[in-house]
Structure formats: C-alpha cells, structure tokens
Amino acid sequence: MLNKIRQINKPWGQEIVWAETKDYVGKLIHINKGHKLSRQYHKIKEETILVKSGTLRLEVGAKEYLKEYDLLEGDCFHITPNTIHRFCALINDVVLLEVSTPHLEDVVRLEDDYDRAK
C-alpha cells in the first residue's frame with residue numbers, strides 16, 4: 001500500500017511523517033543548525049530516535065539533574081514516557097529518524113525558544 005507523507009514545517013526545521021498507523025508513527029526530523037526543540041516530556045508517548053546525520057546534543061532530565069549526550073550518525077536513544085528531553089543542533093544540521101507510539105499531541109513543553117511553552 002502506498003502511504004501519503006505529511007511535511008510539517010516547524011520554527012526549528014521540519015518533520016516528515018512517513019508512517020502513521022493506530023500502533024506507531026515514523027518521522028524524519030530535520031533540525032536546522034543553531035536550533036533546539038522544546039524541553040519537553042510526554043505522558044504516554046514513547047519514542048526511539050536514530051541519528052541519520054549531524055551531531056545531536058540530547059539533553060535528558062530536569063535542569064538540576066541534566067545529562068547531556070552528543071549523539072553521532074548511527075547512534076540511537078530510547079525515550080520513555082515522563083522523561084524530560086530536548087533535541088539540539090548546535091554545530092550542524094541534524095537529521096533524525098523517529099519511531100514512536102501514535103500519541104502525536106502528547107507534548108508537555110517546559111521551555112521553548114519559540115514561545116510555544118504553555
């Protein structure tokens with residue numbers, strides 16, 4: 001079956017949703033150099049990312065317990081529900097593959113460079 005993809009422009013880059021079913025979602029995420037996604041967590045959504053290109057700075061945990069990881073091409077990371085995290089493209093453009101549960105609206109933004117935190 002041929003799937004229809006959705007491209008979603010974001011202030012930090014874009015997402016391409018290439019698979020979407022009742023059980024899972026697959027995305028290609030492009031983060032422009034110098035940009036960051038929200039510091040956020042998900043109540044239900046679970047996701048695994050794979051760095052396709054670039055160097056991803058992954059911030060995990062609340063600010064007072066923050067751990068930072070520099071993930072390179074081929075590195076993977078699994079994010080469980082209620083894990084505070086942030087994706088950053090500090091030194092170059094970053095392209096990620098993400099596979100997640102289908103809870104796309106399950107985002108609690110704690111901090112956001114684009115005034116989207118609630």
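Cys-88 is buried, with a relative accessible area of 0%; buried means under 20% relative accessible area, exposed over 50%, and partly exposed in between (1.4 Å probe, protein chains only). Cys-76, by contrast, counts as exposed at 51% relative accessibility. The model is predicted, with local features requiring pLDDT of at least 70 and side-chain atom pairs counted only at pLDDT 80 or more, while totals for chains, interfaces and linings use all residues. Residues are numbered from 1 along each chain as its sequence is written, and side-chain values use heavy atoms, with hydrogens and water left out.

A search of the whole structure finds zero disulfides, a disulfide being a pair of cysteine sulfur atoms within 2.5 Å. For Cys-76, the nearest cysteine sulfur is that of Cys-88, 18 Å away, and Cys-76 is in no disulfide. Cys-88 is likewise in no disulfide, its nearest cysteine sulfur being that of Cys-76.

**Nonpolar core**

The largest nonpolar core has 15 residues. Such a core is a set of buried Ala, Val, Leu, Ile, Met, Phe, Trp, Tyr and Cys residues joined through side-chain atoms within 4.5 Å. The members that touch the most other members are Ile-31, Leu-56, Leu-58, Leu-71, Phe-87, Val-94 and Leu-96. Two or more residues each come from β3 (25-31), β6 (47-53), β7 (56-60), β10 (85-89) and β11 (94-100). Strand β7 gives the most, with three residues. Helices (H or I, at least four residues) and strands (E, at least two) are DSSP runs, numbered from the N terminus.

Val-94 is one of the core members named above. Leaving aside neighbours within four places in sequence, Val-94 is in contact (heavy atoms within 4.5 Å) with Ile-29, His-30, Ile-31, Ser-53, Gly-54, Thr-55, Leu-56, Cys-88 and Ala-89.

Ser-100 also lies in strand β11 and counts as buried at 4% relative accessibility. Beyond its neighbours within four places in sequence, Ser-100 is in contact with Asp-23, Tyr-24, Val-25, Lys-45, Glu-46 and Glu-47.

**Surface patch**

A nonpolar patch on the surface is formed by Ile-5, Trp-18, Tyr-24 and Val-99, with about 400 Å² of accessible area together. Patches are made of residues with over 30% relative accessible area and no salt bridge; like charges are joined within 9 Å, and nonpolar side chains (Val, Leu, Ile, Met, Phe, Trp, Tyr) within 5 Å. Accessible areas come from the Shrake-Rupley method with a 1.4 Å probe, and for residues only the protein chains shown count as cover.

**Salt bridges**

A search of the whole structure finds 14 salt bridges, each a side-chain nitrogen of Lys or Arg within 4 Å of a carboxyl oxygen of Asp or Glu.

| Glu-20 | Arg-6 | 3.0 Å |

The bridge between Glu-20 and Arg-6 links strand β2 to strand β1 (residues 6-10), across 14 residues of sequence. Glu-20 counts as partly exposed at 45% relative accessibility, and Arg-6 as partly exposed at 37%.

Arg-57 is partly exposed, with a relative accessible area of 21%, and Asp-70 is partly exposed, with a value of 45%.

Asp-113 lies in the segment after β12 (108-111) and Arg-86 in strand β10, so the pair ties together parts that are 27 residues apart in sequence. Asp-113 is partly exposed at 44% relative accessible area, whereas Arg-86 counts as buried at 1%. Salt bridges that share partners join Arg-39, Glu-59, Lys-63, Arg-86, Glu-111 and Asp-113 into one network.

Lys-63, a member of this network, is found in the loop between β7 and β8 (67-71). Lys-63 is exposed, with a relative accessible area of 54%. Leaving aside neighbours within four places in sequence, Lys-63 is in contact with Arg-39 and Glu-111. The C-alpha atoms of Lys-63 and Trp-18 are separated by 33 Å, the two residues being 45 residues apart along the chain.
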